[in-house]
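Subject: Structure handover and findings

Hello,

Here is the structure I promised. Please open it alongside this note.

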Amino acid sequence: MSLSTFIKNKKMQNILVPIGVSKFAKATLIFAISLAKHFNSSVYVIDAYPPHTSRASITNLNARLEEENRQRIKGMIDIVAPNSKNIKIVGSEQDLIGTIKKLNHTIGLDLIITAPHSNEIDEEIFLGRIAGSLIKRTKVAVLVAPLDKKFSPPKKMLLAFKSGEVRYSSLLDTMIRIQDKFKVKLKLLLVKVPGFSNRNHQLNDQLMKRSEQLIYSENATVYQGVLEHFQLNNPDMLVAFKRERGFFEKLWESDVVYKKDFYCKVPLLVLKNKN
C-alpha cells in the first residue's frame, strides 16, 4: 500500500474548534462543521478562553463560569447544527493548550480550525494570542479560517517554504487528505532566502509527485516570496510548514502576529512535525 493510499484510508476523524466570544465565533464554527461534513469527521468544540483563577477559595466561581461558557457554546451549536451527533463539547480544565495536548494524546486530533483572532479588537493584528499559541505550542496541523468567508472546497493550493526537506511523513498527512478529497491542484513555491544552500533544494519526492509546478523566488523572507506570487497563482488555500527553524521562525517569538509581518485572506493551513 502506498503512503498516499494509507493516508486516504486513515481519513480525517477528529477536528477541534476553539471558540472565543467574538462576533466571529459562530462563523468559525460553521466553517469547521462545513469542512468536517466532507470527511464525516467528529468535531470537538472547546472554550478558547477557559475561566481561570489562582485562588482555591473561589473554585466554585470557576465552575459556574465554565458551565456558563459550556451553555453558551451549546446554544451556538444548537443554532448552527441542531441534532448533530458528530459535535461534542470538551471541558477546558483551565488550560487550553494543556487540554488540547491531553485530548490529542487520548483520541488523536487530525486538525485544529481556528479564527485568526478570537477576542482581539486591534485591527493591526492578523493572528491573535489563541491562534498563535495553537500554532506555536501544539503538534497538530492548524487551519486558520478567514473571518469573512464560508468554507468552500479549495481548487488550488500554494505551498510556500524555504526548505523542501520533510523529515517525517506525517507532516504532509492533512494536506494530502484535503488534496485528495477535493482534487486540489498543488503548486510549490521555493523561496531562496539569504543563506539558501543546496540542502534546502532537496525536495521531498512525495511533494514533487503531488505538485503540478515548482516555482522559484528569491526574497528576504518566505512571506515576501508569497506576496510576489500570490496574485499570479490565486490559490484558494495557502500552506506552510511550522518548523523549529522555518517559515514562522521569527514570527513566533511572540504568540501575536501583526498584519505588517504576515497576512492572508484565504484559509491558511500550517503543517507541523508530529513526534
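Below is what I found, from the whole chain down to single residues.

This is a predicted model: local features need pLDDT of at least 70, side-chain atom pairs count only at pLDDT 80 or more, and totals for chains, interfaces and linings use all residues. Residues are numbered from 1 along each chain as its sequence is written, and side-chain values use heavy atoms, with hydrogens and water left out.

**The chain**

The chain has eight helices and 12 strands. Helices (H or I, at least four residues) and strands (E, at least two) are DSSP runs, numbered from the N terminus. Of its 275 residues, 51% count as buried. Buried means under 20% relative accessible area, exposed over 50%, and partly exposed in between (1.4 Å probe, protein chains only). The chain exposes about 14100 Å², and carbon and sulfur atoms supply 49% of that. These areas come from the Shrake-Rupley method with a 1.4 Å probe; for residues, only the protein chains shown count as cover. Take contacts between residues at least 6 apart in sequence: 82% join residues at least 24 apart. Contact means heavy atoms within 4.5 Å.

**Helix α8**

α8 covers residues 222-233. Its 12 residues should span 16 Å at 1.5 Å a residue, and its end C-alpha atoms are 16 Å apart, which agrees. The expected span is 1.5 Å times one less than the number of residues.

Which residues of α8 are buried? They are Val-222, Tyr-223, Gly-225, Val-226, His-229 and Asn-233. Seen down the axis of α8, the buried residues fall within an arc of 135°, so they line one face of the helix. The arc is that of the directions from the helix axis to the C-beta atoms. An α-helix has 3.6 residues a turn, so residues three or four places apart point the same way. On the other side of α8, Leu-227 and Gln-231 are exposed.

Asn-234 counts as partly exposed, at 46% relative accessibility.

**Two strand residues**

Ser-217 lies in β9. Ser-217 is buried, with a relative accessible area of 3%. Its side chain makes a polar contact of 2.7 Å with the side chain of Glu-228. A polar contact is a pair of N or O atoms within 3.5 Å; within protein, one must be able to donate a hydrogen and the other to accept it, and residues adjacent in sequence count only if both atoms are side-chain atoms. Leaving aside neighbours within four places in sequence, Ser-217 has contacts that include Gly-225, Glu-228 and His-229. Leu-189, Leu-190, Val-191 and Lys-192 are also among them.

Leu-159 sits in β7. Leu-159 is buried, at 0% relative accessibility. Leu-159 and Leu-186 are 27 residues apart in sequence, and 7.3 Å apart C-alpha to C-alpha. Not counting residues up to four places away in sequence, Leu-159 touches residues including Met-175, Leu-186, Leu-207 and Val-239.

**Aromatic rings**

How many aromatic pairs does the structure hold? It holds five. Rings of Phe, Tyr and Trp (its six-membered ring) pair if their centres lie within 6.5 Å; planes under 30 degrees apart count as stacked, over 60 as edge-to-face and the rest as tilted.

Phe-31 and Phe-151 form an edge-to-face pair, 5.4 Å centre to centre, with 85° between the planes. Phe-31 lies in helix α2 (residues 25-39) and Phe-151 in the loop between β6 (142-144) and β7, so the pair ties together parts that are 120 residues apart in sequence. Phe-31 is buried at 2% relative accessibility, and Phe-151 is buried at 12%.

Phe-151 also pairs with Phe-182: tilted, 5.8 Å centre to centre, 55° between the planes. This pair links distant parts of the chain, 31 residues apart, with Phe-182 in helix α6 (residues 173-182). Phe-182 is buried too, with a relative accessible area of 8%. Ring pairs link Phe-31, Phe-39, Phe-151 and Phe-182 into a cluster.

**Helix α2**

α2 has 15 residues and reaches 22 Å from its first C-alpha to its last, close to the expected 21 Å. Its buried residues include Phe-31, Leu-35 and Phe-39. Asn-40 follows α2, with a positive phi near 55°. Asn-40 is exposed, with a relative accessible area of 62%.

Best wishes
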